[in-house]
2 protein chains.
Amino acid sequence: MKLQQLRYLREIAKQKLNLSKAANALHTSQPGVSRQIQLLEQELGVEIFTRHGKRLTSITQPGLAILETAQRMLQDADNLKKIGNEFNDKESGTFVIATTHTQARYVLPPVIKRFIERHPKIRLSLRQGSPIEISTWVSSGEADLAIATEAIELFDELVMLPCYEWNRCVVVPPRHPLLQLKELTLESIAQYTIITYDFAFTGRSKINQAFESRGLKPNVVLTALDADVIKTYVEIGLGVGILAKMAFDPARDKKLRAIDAAHLFEPSTTRIGICRNSYIRHYIYDFIEMFATHLDTETINRLLRNPEN
Amino acid sequence: MKLQQLRYLREIAKQKLNLSKAANALHTSQPGVSRQIQLLEQELGVEIFTRHGKRLTSITQPGLAILETAQRMLQDADNLKKIGNEFNDKESGTFVIATTHTQARYVLPPVIKRFIERHPKIRLSLRQGSPIEISTWVSSGEADLAIATEAIELFDELVMLPCYEWNRCVVVPPRHPLLQLKELTLESIAQYTIITYDFAFTGRSKINQAFESRGLKPNVVLTALDADVIKTYVEIGLGVGILAKMAFDPARDKKLRAIDAAHLFEPSTTRIGICRNSYIRHYIYDFIEMFATHLDTETINRLLRNPEN
DNA sequence: TTCCATTACGGGGCACGTAATAATT
DNA sequence: AATTATTACGTGCCCCGTAATGGAA
């Protein structure tokens, strides 16, 4: 059994059973891949794929089990390389953070500034996407870390590290009637059209819950992928915005006013997602601790071992 | 990077850094091993071993990390083969149970009888040893399962599945004074010389605890590795025996009398130890469920994922 | 007809074995 | 002197790439 064969296998699965595409993606020849898969099947004594004549049509039951194990082996092979780099040259390497707009725009900048000051030789990159995309990237090894608020509990191979809780605010144009109220209520908000995050994003479900629990049906006229869009539409008077408090900056957003809404919605927790089986280089530990000071190396390791404590 | 290289690495570590012995154990040549290790070190960019001239003297820090990952990869490689066999021929295979005397002699026989009736083509073997040895075998993959009562919590890579609790009894020759008592007490036992299990065996520590908590210093004249030896010496009048209740069979042990001692000593729990990352063939699930009916496949899988629930 | 997997075949790289060497104990 | 790791060197296997073939859509 060769690691190559497992790489071929993984790529075929990734390319939805198209062997030619897999060969292409791996910059090798079609026959080579075909042959190695056959050899692997022969060695293990089972068919990994079902074939209709000369097409791969599906993965067999043993094939699934094999694929799963193969993926872990390949990840470990990557880990070996990471270990090599780690001790080889501690201060260079790559670091891919997958995150959502809100984090990238409002939370991460100061952290990243400190990080690149401390680790100038690390090639850092940010990949922005939806929570689902983010999780996929991390679990496939394309990214090292996910930072998001929702929907990353779905992936088995990711371990979630709670970082901090945050609340929401309501943003309105200056002189908006809501600014006159002594205390902001859900009922008063519901009188206006609402602009907020898209579903499956930054704690959107918490907003829905709050309104539903009071029997209110808010009129959401626009859902956006990021806070900047929301603010823009609030500015032009399309409605009131509900967004994460950290996404409002009085110095910057002079054309808007924010009203604290912490008492109206459940707080959300932002988490770091990290692939359970991946080797963690020292600068990644360092980054995590910068981002959430309570997550020191020891704590992280404990959480990685016992996911649910 | 080649799996062979990792095998060489693992074997060198196993042979305490003696490269020649490793080459021998793997039925290959010394230079081949040496060379491949060098290539691996070169590829990963770190030294795995420290060398004094031409001797391997120790494993470096990165070497340790590499070794650990390599071992998991090799185990996964084994798992792939197991998966192959599993689907290839469901009813043949091998099954090595590592266990202690007490289990092998008094508990396992009926279970094993049923097992070989149901899976006649499986090559089953029992390996008897001390709890430490047993754990080592399972964690190194030499055995599939450990069945024991103590000391198997020490190995990180083993998951323990609690099977059943058991208590102790005191065995004495016929017409022994202890048989006249209305109720057996630790004080009355302590008046006699005692024969029981060796340290680190079948719940020996529970026995010590009980006496100590009453401020008693029992006079243990003989410690044995198994119940048969204990019984033999009790028969010849050397003292009273304390052993697992299941190790006394009135039909067989006609020259002895047993007195229940469940109220004197904390019960012990017998557990199955299984290597966290190994692929479990269906007949092994089957065996475990025969041994402890509450451990069905689903329960086992859950425990494997969340070790401590 | 096109796309795609498999079979056929040849070349080159590399893993392994034997032999020789060097360094420790 | 004995043990043990490394270097030198040749051979054979096997992986891979090109070309050709055979099924599916």
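**Figure 1. Polar contacts and salt bridges between chain B and chain A of the predicted model.** Across the interface of chain B and chain A, 2 residue pairs are found in polar contact, both at pLDDT 80 or more. As the structure is a predicted model, these pairs are computed from its atoms. The interface of chain B and chain A also holds 2 salt bridges. One of the salt bridges in the model joins A:Arg72 to B:Asp76, with the closest N and O atoms 2.5 Å apart.

**Figure 2. The side of chain B that touches chain A.** Helices α1 (3–14), α3 (30–44) and α4 (61–88) of chain B are the elements that each supply two or more residues to the side touching chain A. The greatest contribution comes from α4(B), with 18 residues. By residue class, this side of chain B comprises 14 nonpolar, 8 polar and 4 charged residues.

**Figure 3. Extent of the interface.** In this view, 26 residues of chain B are in contact with 26 residues of chain A. About 2400 Å² is buried between chain B and chain A, and carbon and sulfur atoms give 72% of that area. The copies meet through the same surface, because 100% of the interface residues of chain B are also interface residues in chain A.

**Figure 4. The relation between the two copies.**

**Figure 5. A salt bridge within chain A.** Over all chains, a search of the whole structure finds 22 salt bridges. One of the salt bridges is formed by A:Glu86 and A:Arg281, whose closest N and O atoms are 2.7 Å apart. A:Glu86 lies in helix α4 (residues 61–88) of chain A, and A:Arg281 in the loop between β12 (268–275) and α10 (282–291) of chain A, so the pair ties together parts that are 195 residues apart in sequence.

**Figure 6. The annotated span of chain A.** An unreviewed UniProt entry assigns the annotation "domain: HTH lysR-type" to residues 1–57 of chain A. In the model, this span is 60% helix and 12% strand. The end C-alpha atoms of residues 1–57 of chain A lie 24 Å apart.

Technical notes:
Residues are numbered from 1 along each chain as its sequence is written. Chains are lettered from A and ligands numbered from 1 in the order in which they are written. This is a predicted model: local features need pLDDT of at least 70, side-chain atom pairs count only at pLDDT 80 or more; totals for chains, interfaces and linings use all residues. Side-chain values use heavy atoms; hydrogens and water are left out. Contact means heavy atoms within 4.5 Å. Buried area is the accessible area (1.4 Å probe) that two parts lose on being put together, summed over both. A salt bridge is a side-chain nitrogen of Lys or Arg within 4 Å of a carboxyl oxygen of Asp or Glu. A polar contact is a pair of N or O atoms within 3.5 Å; within protein, one must be able to donate a hydrogen and the other to accept it, and residues adjacent in sequence count only if both atoms are side-chain atoms. Helices (H or I, at least four residues) and strands (E, at least two) are DSSP runs, numbered from the N terminus. Ala, Val, Leu, Ile, Met, Phe, Trp, Tyr, Cys and Pro count as nonpolar, Asp, Glu, Lys and Arg as charged, and the others, Gly among them, as polar. UniProt positions are given in the numbering used here, feature names are shortened, and annotations may be inferred rather than shown by experiment.
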